[in-house]
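Thank you all for coming this morning. I would like to walk slowly through one protein with you, going from the whole chain to a single residue, so please have a look at it first.

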Amino acid sequence: VVTGHVLAHGLYEPIEEDRFVGGDIYEVVESPYGTRVIIGDVQGKGLAAIGAGFAAIAAFREAAIREPTLTGVVEALEDAVVRHNVFSAQTGEAERFVTALVLGFDGSGRVEAVNCGHLPPRLLHDGRASAVTLHRTYVPLGLAGLSRESRATESFAFPPGATLLVVTDGVTEARDTAGAFYPLDERVGAWAGRGPSELLDALRVDLEDFSGGVRRDDIAALALSHAPVGGGGRSETTGEDALRV
């Protein structure tokens with residue numbers, strides 16, 4: 001996906017045999033207010049999670065273009081998941097929540113973020129990798145009624161030449177044969193000099209080797225870099241790459 005602000009490469013490996021059915025979501029949308037990005041994880045797996053995922057993605061696609069603020073986008077996502085849960089309760093289905101990281105890029109060299117219970121991004125720059133410190137982590141989407149704290153944005157630096165890696169917990173909670181968790185930060189540090197596409201290729205291969213091919217959860221990741229000069233200005237998302245639910 002190429003927009004006026006970012007070049008996005010995606011990785012999606014569902015636990016289900018059907019590669020379009022899983023509990024992880026991601027999307028990249030260019031808007032009048034910059035490029036908006038979401039990555040998230042719906043509670044549960046398989047078909048039971050697909051409705052909440054579609055509700056969140058559909059709301060994001062609309063709100064990302066309509067809402068001038070990132071908090072407005074997140075409020076629309078919250079409303080969509082709550083409405084879906086009301087309908088689910090009426091039909092006897094379990095209610096779902098969605099952990100999500102929502103990002104905004106405007107070309108300023110800083111990224112806006114609202115973290116709704118999700119993993120923080122990793123920033124790769126100048127041959128080093130580190131977790132981005134987000135000082136506020138809010139409740140997942142669908143659970144705002146349980147908190148008195150209103151969600152707010154914060155920002156962090158995104159220097160030229162940097163790559164931002166965002167993942168779901170299917171990456172960090174992958175296990176080896178001895179039950180140890182995947183050491184994401186250690187691995188990413190060794191790949192800090194690679195481009196976004198090569199970074200995701202290395203991550204996919206290494207996860208497969210580490211887990212011995214045994215996958216316990218859906219895996220999703222986005223590698224985001226600055227758009228090439230003169231190469232942005234529109235979204236080139238395909239149907240396959242735009243939605244992972």
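Predicted model: local features only at pLDDT ≥ 70, side-chain atom pairs only at ≥ 80, totals over all residues.

Let me begin with contacts, where a contact means heavy atoms within 4.5 Å: of the contacts in this protein with a separation of 6 or more, 71% are between residues 24 or more positions apart. Residues are numbered from 1 along each chain as its sequence is written, and side-chain values use heavy atoms, with hydrogens and water left out.

The protein has 6 helices and 10 strands, these being DSSP runs numbered from the N terminus (helices are H or I, at least four residues; strands are E, at least two). Of its 245 residues, 49% are buried, where buried means under 20% relative accessible area, exposed means over 50%, and partly exposed lies in between, with a 1.4 Å probe and protein chains only.

Now to the sheet. Five strands form an open sheet in the order E2-E3-E4-E5-E8, with antiparallel pairing, and two strands count as paired if DSSP finds at least two bridges between them. The edge strands are E2 and E8 (154–157), each of which pairs on one side only. From one strand to the next the twist averages 20°; angles run from 0 to 180 degrees between N-to-C directions, and the axes are lines fitted to C-alpha atoms, for helices over the stretch in contact. Helix H2 (residues 70–90) packs on this sheet and touches E3, E4 (98–105) and E5 (110–116), its direction making about 155° with that of E4.

E2 runs antiparallel to E3 (residues 34–42), and 8 bridges join the two strands, with a hairpin of 2 residues linking E2 to E3.

I will finish with Asp126, found in the loop between E6 (122–125) and E7 (128–131). The phi of Asp126 is near 55°, a positive value in a residue other than glycine. Why does Asp126 count as exposed? Asp126 counts as exposed because its relative accessibility is 58%.
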